[in-house]
Amino acid sequence: MAQIGCFVPAQYASFTISRQLFARVSMDDSIEANVSTFAAEMRETAFILRNIEKQSMVIVDELGRGTSTRDGLAIALAVAEALIESRALVWFATHFRELAHILSERNGVVNMHLAVEITEESTMNMLYTIAEGHVKEEHYGLALARVVALPESVLGTATGVSEELRRQSVKRQRGSRAFAINRRRKLILGLQESLLQASAGSMQGEVLSSWLRKLQEVFVLRMDAIEAEAQSAVESESEGENGMVGEQARDRQGTYDGDDIGQESAEADS
């Protein structure tokens, strides 16, 4: 705004001089050109990535919302990484909380959000101020749905589904092989640190022996718990896959039985 001579409503503002301005903010499709919202979004994003340079300014709003959540997040993350590498000035607005978490550790990335006050009476006040960090409210959409007075039955179902999805996600994460390996590593490193401290300490004789036995018991219990959680997750996934296979097999069996009945009926008629 200052660069083109406009009034800047701020006490202080400091920006680099920009030579190009790119914006990807609309959600329009093109029926005439047979281009969907997502296709148009990708075309404009590709144009930006081909022409961006260090002294460009880029504004991106809700990238990846025109497709599935998983694909949208993956595309948004990849594009954000490319924009960071360009070293341009980028304003990237998103509702993907995972994106904010992942990029929070990147150099040159600053997380900010529009502050909102949500009270226990299910009221929401837009404060119209910028706050540091990503949004802490995990169920912002559900909170907003309560404010606009959706039916309680709908809200209850949505809350239950959201909580179940969260539990499944946490269970998969805890049961994943990489997560189990990381927990084992941390447990072993903790054991090593305790032994090093004991070797440099003043415990001796029976006191040291008793302490080592207790340390061993705690270590074994925690390691068994890690193994049990990992095994439980594997079994749950296996049962889910077997259930899907069983349903498919029953569907196929029903088709075969129907064909047999039709054949017997035809033979009887003949």
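Contact here means heavy atoms within 4.5 Å. The structure is a predicted model, in which local features need pLDDT of at least 70 and side-chain atom pairs count only at pLDDT 80 or more, while totals for chains, interfaces and linings use all residues. Residues are numbered from 1 along each chain as its sequence is written, and side-chain values use heavy atoms, with hydrogens and water left out.

**Nonpolar cores**

By that contact rule, I48 touches F22, A23, R24, V58 and L83, leaving aside residues up to four places away in sequence. I48 also belongs to the largest nonpolar core, which has nine residues: F22, I48, I52, V58, V60, L63, V79, L83 and A88. A nonpolar core is a set of buried Ala, Val, Leu, Ile, Met, Phe, Trp, Tyr and Cys residues joined through side-chain atoms within 4.5 Å. Buried means under 20% relative accessible area, exposed means over 50%, and partly exposed lies in between (1.4 Å probe, protein chains only). At least two residues of this core come from β2 (56–61), and at least two from α2 (69–86). Helices (H or I, at least four residues) and strands (E, at least two) are DSSP runs, numbered from the N terminus. Another core, of six residues, lies apart from the largest one; L73, A76, A80 and L103 are among its members. In soluble globular proteins, nonpolar side chains tend to be buried together.

**Positive phi**

Most residues other than glycine have a negative phi. R87 has a positive phi of about 65° although it is not a glycine. R87 sits in the loop between α2 and β3 (89–93), and its relative accessibility of 61% makes it exposed. Y128, also not a glycine, has a positive phi of about 55°. Y128 is part of strand β5 (residues 124–132) and is exposed, at 74% relative accessibility.

**Salt bridges**

A salt bridge is a side-chain nitrogen of Lys or Arg within 4 Å of a carboxyl oxygen of Asp or Glu. The count by this rule is nine.

| Pair | N to O distance |
|---|---|
| R106 and E81 | 2.1 Å |
| E85 and R106 | 3.2 Å |
| E164 and R167 | 2.5 Å |

R106 pairs with E81 and with E85. R106 lies in the loop between α3 (97–103) and β4 (112–118), and E81 in helix α2, so this pair links distant parts of the chain, 25 residues apart. E85 is likewise in helix α2, and because R106 is in the loop between α3 and β4, their pair ties together parts that are 21 residues apart in sequence. R106 is partly exposed at 26% relative accessible area, and E81 is partly exposed at 25%. E85, at 55%, is exposed.

E164 is partly exposed, with a relative accessible area of 32%, and R167 is partly exposed at 42%.

R24, E41 and E44 are linked in a network of salt bridges. R24 is also one of the residues that I48 touches.
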